[in-house]
Amino acid sequence: MSGSRTLRVTHLYPRLMNIYGDRGNIMTLRHRCEARGITFELTELSIGDAFDPQSADLIFAGGAQDREQRNVAQDLLATKADAIREAVEADVVLLAVCGAYQLFGRFYRESTGVELAGAGIFDLHTEHPGEKTKRLIGNIVVNWEGQTIVGFENHGGRTHLGPAARSLASVRSGNGNNGTDGLEGVVYRNAYGTYIHGSLLPKNPAFADHLLGLALTRRNGDAELAPIDDRAETRAHAAALSLKP
Amino acid sequence: MNPRTIAAIFAGKAAGRASRLFGRGGGTAIAGLAALRLDSAIVRDLVGQAGAGTIAITGTNGKTTTSLMMSRIATAAGLAPLHNRSGSNMMRGVAAMLVEEASLLGEIADPATRIAILEVDEATLPEIAREVHPKVIVFTNLFRDQLDRYGEVDTVARSWGTALAREQLPNAKQQGSPPTIVLNADDPAVAHLGRAYAGRTLYYGVEDTSVSVDAIDHASDFRTCLDCGAELSYTATFYGHIGHWRCATCGNARPTPDIQLTRVVLGDDSTSMEIALPAGEMRVVLPLTGLYNAYNALAAIGGALAMSLARNPTVTALEGFSAAFGRQERFAVQGRDVHVLLGKNPTGLNQVLRTVAANGGQKRILFFLNDGIADGRDISWIWDADYEIVQPLTDWVLAAGTRAEDLALRLKYAGFGDEIDAERNTATALQRALDATPVGETLHIIPTYTAMLDVRELLATQAGSSRFWEDG
Ligand SMILES: [Zn+2]
């Protein structure tokens with residue numbers, strides 16, 4: 001094990017994309033690093049700030065309201081999308097939740113038929129079926145790599161994966177990407193997209209460590225993550241398994 | 001009265017009585033639904049009899065307290081309120097209250113002295129405005145609350161704007177001019193409603209920046225300008241996105257309030273307020289704590305002004321005020337002083353935590369987190385609330401409620417320790433909290449809405465006496 005390890009995290013639009021307690025994801029990454037003596041460095045980027053693809057080991061972006069998502073979408077394409085794509089191709093870890101998950105796809109089609117271009121990092125698109133169609137709201141449990149991920153979903157858009165995309169998980173209870181094909185989220189290289197908040201990472205410690213492991217391997221060639229006290233995390237995860245969808 | 005209305009009142013009264021007789025909860029909703037099913041215009045017809053007019057009060061936080069303040073002010077001014085005070089603030093709750101107040105012939109007694117004070121759910125406001133065309137509408141604030149039920153706050157803001165635009169149309173003015181709107185100048189989403197409004201507006205706000213906080217809360221919902229989308233800047237923040245805001249890009253800024261809180265001192269048990277009004281000054285010692293209650297009082301003063309109620313009864317009613325059901329109550333139980341403070345969304349909870357922390361001393365806190373429909377099923381908001389505020393002062397804490405395990409995890413992250421117990425049984429949690437509190441000392445209970453109902457019932461049966469007790 002190397003002497004001192006560091007994890008550099010970039011949080012995109014922390015003030016504009018913060019609707020579903022996504023701060024909990026950053027708190028979890030910090031806690032799970034610091035409990036293991038790994039230095040945690042956080043950079044926050046907002047509208048107008050450029051992103052340096054060499055500067056981060058892990059990129060996080062959360063959910064936003066529609067109005068703010070439109071501002072963010074413009075800025076993302078103008079100032080950051082190319083650099084994020086470059087970073088993802090170089091195996092930097094990316095976690096995009098909810099609104100950011102949609103923005104990082106190829107396009108978002110509004111119910112009026114208008115298409116908004118996305119960052120094109122994931123081979124997927126999202127369609128909004130119109131205000132008359134039910135939002136997909138509720139507790140969700142998915143099967144992931146022989147384990148479970150738990151949380152809450154709340155989205156009007158239906159996301160469909162393209163041929164080059166691999167889903168993150170299969171839905172055990174809840175709706176997932178579109179409520180029909182039983183799939184949830186997306187994986188491309190070390191980039192992950194999902195609708196699950198709740199917050200996502202606090203009560204899914206295995207998934208949080210999976211992301212940390214990928215980022216630390218890439219940066220330090222050393223993925224060793226010593227066990228830490230996960231009693232409260234495990235208990236919250238177990239309780240969420242039996243919630244009604 | 002037409003026969004349809006009379007049948008609806010009969011059905012509503014019968015349904016309400018049956019539901020009370022069988023001890024079923026939700027009696028008000030059942031009575032209201034039964035009446036509305038037979039006569040959809042019943043609310044309009046009965047409210048229309050109130051000689052002093054109708055005032056509607058809406059917003060995310062504070063509408064129950066502000067409505068109760070309005071009701072006390074109206075009573076002190078010699079009026080008899082028609083007030084849906086049971087917290088049933090959707091159309092059916094308003095209908096149920098009116099059916100109860102009406103005679104079987106569809107008449108409200110002594111109509112000249114009646115004032116309708118309607119606490120209205122934020123999503124129901126457009127429907128109420130269309131039905132009753134209130135003389136005054138008071139808007140408290142707009143925060144994230146139950147995203148799973150209302151959708152995004154923007155959706156609510158838009159629906160309010162649409163409702164007000166409709167009230168300005170000539171065919172909506174069946175009762176004369178469009179409503180006077182009373183707006184919180186410090187909330188950009190609420191203040192925005194006055195920008196294009198042709199009717200009368202009254203803004204209220206806090207001028208005294210000594211109560212501002214250093215940083216914007218994590219729980220801040222309107223960070224961008226509603227006109228141009230640029231990020232707002234603040235010279236003072238009071239809580240959430242409430243403060244002295246302006247947009248550097250388009251120049252849109254906080255309006256100068258007509259009702260200004262020029263000086264405020266937040267005490268342990270009361271709040272002393274100096275208020276500048278369009279005509280003169282007012283001093284009030286409000287027997288409630290927390291800046292959010294000062295805002296509620298400003299909203300009620302604005303409502304009273306807009307309804308042309310006199311100033312002396314306003315001061316008298318506010319100074320003699322006791323808190324609304326479960327919002328801020330105190331019970332004497334097993335020799336302990338138990339404070340219950342409702343905390344149901346991140347901004348409201350942060351205000352409560354600041355209020356608890358402001359009084360100093362070591363705290364024992366029992367938190368409840370429920371995920372019932374009335375609480376909001378999505379509990380992710382706890383990650384945006386700043387439980388850290390009270391952590392350094394707390395020497396005993398317990399996580400309770402239907403989502404106790406999630407809450408315990410959040411408290412772990414706030415530094416309360418790795419082994420916070422999670423207790424799902426309300427009675428057990430309460431007894432453990434009482435046992436952990438020495439006799440003569442204070443226990444703080446901070447529940448979400450449905451947990452408040454449960455814990456309040458347990459406390460009320462055990463309470464020997466209580467200092468803040470709801471009358472009536
Ligand atoms: Zn602007």
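This is a predicted model: local features need pLDDT of at least 70, side-chain atom pairs count only at pLDDT 80 or more; totals for chains, interfaces and linings use all residues.
B:Thr437 is buried, with a relative accessible area of 0%. A polar atom of its side chain lies 2.8 Å from the backbone oxygen of B:Ala433. When the neighbours within four places in sequence are set aside, B:Thr437 is in contact with B:Arg336, B:Arg364, B:Thr442 and B:Leu443.

A:His128 is found in the loop between strand E7 (124–127) and strand E8 (136–144) of chain A, and with a relative accessibility of 16% it counts as buried, since the word applies to values under 20%. A polar atom of the side chain of A:His128 lies 3.0 Å from the backbone nitrogen of A:Gly130. Apart from neighbours within four places in sequence, A:His128 is in contact with A:Tyr108, A:Arg109, A:Glu110, A:Ser111, A:Gly156 and A:Gly157.

The zinc ion has as its protein donors the SG atoms of B:Cys225, B:Cys228, B:Cys247 and B:Cys250, which lie 2.3 Å from it. Along the chain these donors follow the spacing C-x2-C-x18-C-x2-C. B:Cys228 belongs to the loop between strand E6 (201–206) and strand E7 (233–239) of chain B, whereas B:Cys250 belongs to the loop between strand E8 (242–246) and strand E9 (259–266) of that chain, so this pair ties together parts that are 22 residues apart in sequence. As for the geometry, the angles among the four donor atoms run from 99 to 117 degrees, and the site is tetrahedral; for comparison, the ideal angle for four tetrahedral donors is 109.5 degrees. B:Cys228 counts as partly exposed, at 36% relative accessibility, and B:Cys250, at 38%, also counts as partly exposed.

The next topic is the meeting of the two chains. The contact takes 38 residues from chain A and 40 residues from chain B. The size of an interface is often given as the accessible area lost when the parts come together; here chain A and chain B bury about 3,400 Å² between them, with 44% of it on carbon and sulfur atoms. Between the two chains there are 15 residue pairs in polar contact, counting those in which both residues have pLDDT 80 or more. On the side of chain A that touches chain B, the elements giving two or more residues are helix H1 (23–34), helix H2 (66–89), strand E8 (136–144), strand E9 (147–155) and helix H5 (231–241). Helix H5 of chain A gives the most to this side, with six residues.

Salt bridges also cross from chain to chain, and there are five of them between chain A and chain B. One joins B:Glu419 to A:Arg231, with the closest N and O atoms 2.9 Å apart. Another salt bridge, with a closest N to O distance of 2.7 Å, joins B:Glu231 to A:Arg15. This pair crosses between chains, from the loop between E6 and E7 of chain B, where B:Glu231 lies, to the loop between strand E1 (6–12) and H1 of chain A, which holds A:Arg15. B:Glu231 is partly exposed, having a relative accessible area of 32%, and A:Arg15, with 33%, is likewise partly exposed.

In chain A, A:Asp57 forms a salt bridge with A:Arg219, the closest N and O atoms being 3.5 Å apart. The two residues are 162 residues apart and link distant parts of the chain, A:Asp57 lying in the loop between strand E2 (39–45) and strand E3 (58–61), and A:Arg219 in helix H4 (residues 205–220). A:Asp57 is buried, with a relative accessible area of 1%, whereas A:Arg219 is partly exposed, with 36%.

In chain B, the side chains of B:Glu274 and B:Arg263 meet in a salt bridge at 3.6 Å, N to O. B:Glu274 lies in strand E10 (residues 271–277) and B:Arg263 in strand E9, so the pair ties together parts of chain B that are 11 residues apart in sequence. B:Arg263, at 45% relative accessibility, counts as partly exposed. Finally, salt bridges that share partners join A:Arg32, A:Arg36, A:Asp209 and A:Asp230 into one network.

Technical notes
Residues are numbered from 1 along each chain as its sequence is written. Chains are lettered from A and ligands numbered from 1 in the order in which they are written. Side-chain values use heavy atoms; hydrogens and water are left out. Donors are N, O and S atoms within 2.8 Å of the metal (3.2 Å for Na, K and Ca); water is not among the atoms, so sites may look incomplete. Four donors count as tetrahedral if all angles lie between 85 and 135 degrees; four count as square planar and six as octahedral if opposite donors are over 155 degrees apart and all others between 65 and 115; anything else is irregular. Helices (H or I, at least four residues) and strands (E, at least two) are DSSP runs, numbered from the N terminus. Buried means under 20% relative accessible area, exposed over 50%, partly exposed in between (1.4 Å probe, protein chains only). Contact means heavy atoms within 4.5 Å. Buried area is the accessible area (1.4 Å probe) that two parts lose on being put together, summed over both. A salt bridge is a side-chain nitrogen of Lys or Arg within 4 Å of a carboxyl oxygen of Asp or Glu. A polar contact is a pair of N or O atoms within 3.5 Å; within protein, one must be able to donate a hydrogen and the other to accept it, and residues adjacent in sequence count only if both atoms are side-chain atoms.
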